[in-house]
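I opened a new notebook page today and wanted to get my bearings. Here is what I looked up, entry by entry.

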Amino acid sequence: MLLATAITVVMSLLVALFLVRYGDLPGSAAAWGLSPGAASAMVALAEDHGADSRVVATMQYVRVVCVVLIGAVVSHALGSEVASPQIPAGTAPLGFTVPANGILTILVLIGSVLIGARFPAGALLVPLLAGAAMQLGGVFIIDLPQWLLCLAYGALGCYVGLRFDRETFDFVVRRLPSMLLSALALIALCALSALFIAKLLGKDFLSVYLATSPGGLDSMAIIALDTQADVGLVLAMQTMRLFGVILVGPYLARQIIRLSR
């Protein structure tokens, strides 16, 4: 799993260097835009290190869309059956009823976000660690209300989208083909590495492909659940890569900027 994480990070570095050389993008934007971590965390880190967060956000979410679409196609091509989500009787998907576990979850979430806001990407990592500790420790069961998830994704979309102006939009549109090409190249390289890692782990290709795919952790977990892949493996490897990218991301970004010069 560490080897798969290292391979993905190295491949993202190589593709970023290629994009800087032939795609007419600044090294800082390419470095953070192609970092295979959580898009929201990479945007935050890019902003902290002086990169244009709007360009980075565009590259991150272009890649996420490509990963999700290709992941769905790959799972369908491999003949995986899609499991319909099971909703307990008497519960509405968008209902505003919040049980005790939901209230505790929201309180821990608010507290951990306030604490994590002091550190780079801490607003993402501290809630993740706090929630895992609470769940595994048997304190309570994590239960996020569906309406809160909808609000969170809506707020994230507005935060990214409403920061664009005409100049940034024109800049992104001119470089969109190179962004798409770099995203597809990184996805293809990760798919090739998944063939090798699947043999080492003795796992099916679809589970390893989703685990090594350079997309969002939540997106890959959803596809893994729907296709009945190994969700534990997908979550473990995606989370491991997230921590790895956050830890070495600033160093890799500096190296890409240095090499691009």
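Before anything else, I noted what a helix is here: a DSSP run of H or I with at least four residues, numbered from the N terminus. I also reminded myself that this is a predicted model.

**Entry: helix α10 and what follows**

With that in hand, I looked at Q228, which sits just after α10 and takes a positive phi of about 60°. Which residues of α10 (residues 217-227) are buried? I found S219, M220, A221, I223, A224 and T227. I then checked what covers these buried residues, and the cover includes α4 (53-77), α9 (205-212) and α11 (231-260).

**Entry: T5**

Next I went to T5, which lies in helix α1 (residues 2-22). Is T5 buried or exposed? T5 has a relative accessible area of 9%, and the cut-off for buried is under 20%, so T5 is buried. A polar atom of the T5 side chain lies 3.0 Å from the backbone oxygen of M1. Not counting residues up to four places away in sequence, I saw T5 touch M237, M240 and R241.

**Entry: R241**

R241 counts as buried, at 2% relative accessibility. Leaving aside neighbours within four places in sequence, I listed its contacts as T5, T8, P36, A211, T212, S213, P214 and G215.

**Entry: P36**

How far apart are the C-alpha atoms of P36 and S12? They are separated by 6.9 Å, while the two residues are 24 residues apart along the chain. Again leaving aside neighbours within four places in sequence, P36 is in contact with T8, S12, R63, P214, R241 and V245.

**Entry: α1 against α8**

Last, I looked at how α1 packs with helix α8 (residues 166-201): the angle is about 155° and the axes are 10 Å apart. Angles over 145 degrees count as roughly antiparallel, so that is how α1 and α8 run relative to each other. Their crossing is right-handed. From α1, the residues that meet α8 are L3, A4, I7, T8, M11, S12, V15 and L19. On the α8 side I noted S178, S182, L186, L189, C190, S193, F196, I197 and L200. Sorted by class, this contact has twelve nonpolar, five polar and no charged residues.

Notes:
Residues are numbered from 1 along each chain as its sequence is written. This is a predicted model: local features need pLDDT of at least 70, side-chain atom pairs count only at pLDDT 80 or more; totals for chains, interfaces and linings use all residues. Side-chain values use heavy atoms; hydrogens and water are left out. Helices (H or I, at least four residues) and strands (E, at least two) are DSSP runs, numbered from the N terminus. Buried means under 20% relative accessible area, exposed over 50%, partly exposed in between (1.4 Å probe, protein chains only). A polar contact is a pair of N or O atoms within 3.5 Å; within protein, one must be able to donate a hydrogen and the other to accept it, and residues adjacent in sequence count only if both atoms are side-chain atoms. Contact means heavy atoms within 4.5 Å. Axes are lines fitted to C-alpha atoms, for helices over the stretch in contact, and angles run from 0 to 180 degrees between N-to-C directions. Angles under 35 degrees count as roughly parallel, over 145 as roughly antiparallel, 65 to 115 as roughly perpendicular and the rest as oblique. A crossing is left-handed if the near helix is turned anticlockwise from the far one by less than a right angle, and right-handed if clockwise. Ala, Val, Leu, Ile, Met, Phe, Trp, Tyr, Cys and Pro count as nonpolar, Asp, Glu, Lys and Arg as charged, and the others, Gly among them, as polar.
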